[in-house]
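I opened this model to look up a few local features and wrote them down as I went. The entries follow in the order of looking.

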Amino acid sequence: MKSVQELKELRERSLVKVALREKDEEYVLARENKAPIYYTVLYCAGTGCTASGSPEIGKELAKSCEAHGIANNVTVVKTGCFGLCQKGPIVAVYPDEVFYNHIRLEDVERIVTDHLIGGEVCKDLQMKDIDPETKKEIFDINKIKFYEKQRRIALRNCGKLNPEDIYEYIAVDGYQALGKALTEMTPQEIIDVMKASGLRGRGGAGFPTGVKWQFEKDQPGDEKYVICNADEGDPGAFMDRSILEGDPHAIIEGMAIMAYAVGAHKGYVYIRAEYPIAVNRLRIALDQARELGFLGTNIFDSNFDFDIEIRLGAGAFVCGEETALIASIEGKRGMPSPKPPFPAVAGVWGKPTSINNVETLANVAQIINKGAEWYSAIGTEKSKGTKVFALGGNIVNTGLVEVPMGTTLREIVFDIGGGCPNGKKFKAVQTGGPSGGCLTERELDTPIDYENLIAAGSMMGSGGMIVLDEDNCMVDVAKFYMEFICDESCGKCSPCRIGTKRLLEMLTKITEGEGTMEMLDEMEELCAEIKDTALCGLGQTAPNPILSTLKNFREEYEAHILQKKCPAGVCKKLLEYHINPEKCKKCSLCARNCPVNCISGVPGKEPYSIDQSKCIKCGTCIAACRFAAVERK
């Protein structure tokens with residue numbers, strides 16, 4: 001791309017790609033005159049919906065439109081995540097702005113014949129909500145609770161554009177920020193805008209982005225690098241993956257602006273190989289950007305050269321730590337190293353390097369386009385902008401959520417997330433993944449920002465948010481995260497390598513009824529030592545799930561130790577299965593399904609009973625019984 005004027009002209013020509021997704025005068029007239037209406041039908045092609053068969057749905061939509069002779073009036077487009085993953089596969093029809101959910105192959109023909117041809121929305125397939133006051137159904141997508149309180153900045157194009165078509169990105173102001181940065185701004189002016197915006201690193205640490213860029217810019221030398229950290233490894237986290245799947249050009253543009261600001265000419269996207277869809281779309285986007293001149297030499301006739309290389313990670317959680325990530329890019333084992341020097345001084349290949357995660361970079365172009373004041377007006381005093389969360393666990397609306405900083409946990413869990421399913425009682429929410437902590441009902445009104453979550457005993461992290469209900473055992477939750485940490489520890493420092501192993505051993509004993517009250521004090525003491533002495537962030541934050549559950553759910557630990565009972569009925573070795581003789585129908589279903597033949601009785605005559613000395617507590621009997629006669633105690 002040689003000039004901003006060329007980009008403007010290209011944008012004008014590209015607008016036709018997305019114009020039909022908005023209601024306009026021509027659309028209204030076509031409705032009134034019953035003339036052929038031009039539809040765009042978008043189907044989610046993110047990982048979740050792809051796993052549920054959305055590519056086949058997309059093919060069937062195109063095939064059916066062709067068969068009915070309306071292919072010239074309907075454009076079928078793959079897109080990224082719509083956010084409400086629990087409702088997938090999702091199909092959206094524009095300009096009607098109708099969202100269909102849980103779509104199956106057999107639903108496609110009805111959507112084509114009834115809606116695209118007949119103009120009648122398939123109400124039974126349409127995404128809807130219930131107004132709590134009037135009890136009426138809500139079909140307007142902008143008033144559905146999941147979306148109503150969100151503000152999409154990092155996710156602005158996900159679910160709206162074809163991520164494999166650069167012209168659609170250009171049509172919505174794509175690469176305009178890069179053109180503006182290269183032709184109208186100095187590197188220092190860009191950094192000043194980033195500082196004034198208040199954008200902080202969304203990978204978890206929350207370090208001011210502009211300050212990080214300033215550090216690298218101020219380093220001497222012509223050989224510098226920028227890195228996009230897409231090594232998203234928290235259990236239940238899928239924010240960065242979804243952005244790359246739905247809007248890869250936003251990351252490329254953000255990296256190019258960052259590179260110009262700090263004086264770098266080469267960038268790396270470090271992404272885990274377990275993200276094949278994201279990797280493929282990023283490769284397509286890079287090829288398209290090079291073809292149109294947004295990457296390469298003399299971009300926008302500015303004498304600025306820049307290109308990006310993809311480096312695949314093997315899925316090590318520790319490689320999310322920047323020094324371990326750098327080691328992996330260099331072909332070494334992914335292990336952290338002491339700081340200083342910081343990467344901004346000596347990073348990849350020993351040269352100054354800035355590392356930002358995917359979500360951080362997704363904000364950059366919009367800040368350059370709209371200004372620092374626009375962005376800093378969103379959020380709280382110290383945490384500006386929005387934050388994307390992957391909402392999962394025992395929650396009605398699983399999916400991607402982007403909200404302004406300062407939104408409370410209660411708003412996310414209950415207003416957006418819909419609360420716990422099946423009427424279960426909310427117990428806790430784990431934020432920050434393995435590095436975070438569990439927050440309870442007491443903290444639900446906490447405004448979400450970096451400082452407030454740390455003060456509450458957890459942390460922002462990269463954005464994983466797992467909701468737990470009354471059926472979750474908090475000791476088991478702490479054990480799960482500690483198992484993860486032990487598996488992912490690189491082993492370089494003994495506090496993490498040995499200390500976390502000892503913590504896991506004590507947690508295992510407690511869940512198996514072999515714990516002692518002294519262990520609780522020992523765990524707290526060991527947690528403090530690991531936090532103070534571990535080499536990197538993985539080890540330093542590893543004790544957080546234990547410390548937060550001990551603080552908020554100590555009575556559950558005590559029940560495991562003193563009563564040899566798991567209050568939530570999760571820890572197998574503390575469970576017993578009994579058959580209630582008054583409910584037993586003497587049908588023998590439990591005995592016939594028992595894998596170890598520990599259930600005896602006489603069919604039709606004698607109630608069945610379980611031999612506790614032989615029972616392996618697998619739960620097969622309770623699943624087999626149709627009369628709720630088997631009880632877990």
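Is Asp476 buried, partly exposed or exposed? I found Asp476 partly exposed, with a relative accessible area of 29%; buried means under 20% relative accessible area, exposed over 50%, and partly exposed in between, with a 1.4 Å probe and protein chains only.

Notes on the source. The model is predicted, local features need pLDDT of at least 70, side-chain atom pairs count only at pLDDT 80 or more, and totals for chains, interfaces and linings use all residues. Residues are numbered from 1 along each chain as its sequence is written, and side-chain values use heavy atoms, with hydrogens and water left out.

Entry: Asp476. I placed Asp476 in helix H20, residues 474-488. Helices (H or I, at least four residues) and strands (E, at least two) are DSSP runs, numbered from the N terminus. Setting aside residues up to four places away in sequence, I saw Asp476 touch Val570 and Cys571; contact means heavy atoms within 4.5 Å. I also looked up Asp476 against Glu512: they are 36 residues apart in sequence, and their C-alpha atoms are 10 Å apart in space.

Entry: Glu524 lies in helix H22, residues 517-533. I noted a relative accessible area of 31% for Glu524, which makes it partly exposed. Which residues does Glu524 contact, leaving aside its neighbours within four places in sequence? I listed Leu547, Leu550 and Arg554. Between Glu524 and Leu547, 23 residues apart along the chain, the C-alpha separation is 6.9 Å. I then turned to helix H24, residues 544-552, and found it mostly covered, with seven of its nine residues buried. Leu550 is one of the buried residues of H24, and Asn544, Pro545, Ile546, Ser548, Thr549 and Asn552 are also among them.

Entry: H13 with H16. Helix H13 (residues 248-262) and helix H16 (residues 358-370) pack with their axes 8 Å apart, at an angle of about 75°. Axes are lines fitted to C-alpha atoms, for helices over the stretch in contact, and angles run from 0 to 180 degrees between N-to-C directions. I therefore put H13 and H16 down as roughly perpendicular to each other. The classes are: under 35 degrees roughly parallel, over 145 roughly antiparallel, 65 to 115 roughly perpendicular, and the rest oblique. On the H13 side the contact is made by Ala250, Ile251, Glu253, Gly254, Met255, Ile257 and Met258, and on the H16 side by Val358, Leu361, Ala362, Val364, Ala365 and Ile368. I sorted the residues of this contact of H13 with H16 into 11 nonpolar, one polar and one charged. Ala, Val, Leu, Ile, Met, Phe, Trp, Tyr, Cys and Pro count as nonpolar, Asp, Glu, Lys and Arg as charged, and the others, Gly among them, as polar.

Entry: H5 with H6. I read an angle of about 45° between helix H5 (residues 54-67) and helix H6 (residues 108-117), with their axes 9 Å apart. H5 and H6 are therefore oblique to each other. From H5, Ile57, Glu60, Leu61, Ser64 and Cys65 meet Val108, Glu109, Val112 and Leu116 of H6. I counted six nonpolar, one polar and two charged residues in the contact of H5 with H6.

Entry: cysteines. How many disulfides are there? I found zero disulfides, a disulfide being a pair of cysteine sulfur atoms within 2.5 Å. Cys319 is in no disulfide, and the nearest cysteine sulfur, that of Cys490, is 8.9 Å away. Cys319 is buried, at a relative accessible area of 4%. Cys566 is in no disulfide either, with the nearest cysteine sulfur, that of Cys473, 3.7 Å away. I also have Cys566 as buried, at 8% relative accessibility.

Entry: backbone. Most residues other than glycine have a negative phi, and most peptide bonds are trans. I noted a cis peptide bond joining Gly88 and Pro89, with omega about -5°. Pro89 is in the loop between strand E2 (74-79) and strand E3 (91-94). The bond from Lys339 to Pro340 is also cis, with omega near -5°, and Pro340 sits in the loop between helix H15 (322-329) and strand E10 (353-357).

For Glu97 I read a positive phi, near 55°. Glu97 is in the loop between E3 and strand E4 (98-100) and counts as partly exposed at 31% relative accessibility. Asn597 also has a positive phi, near 55°. I found Asn597 in the loop between helix H26 (589-593) and strand E17 (599-602), and at 61% relative accessibility it counts as exposed.
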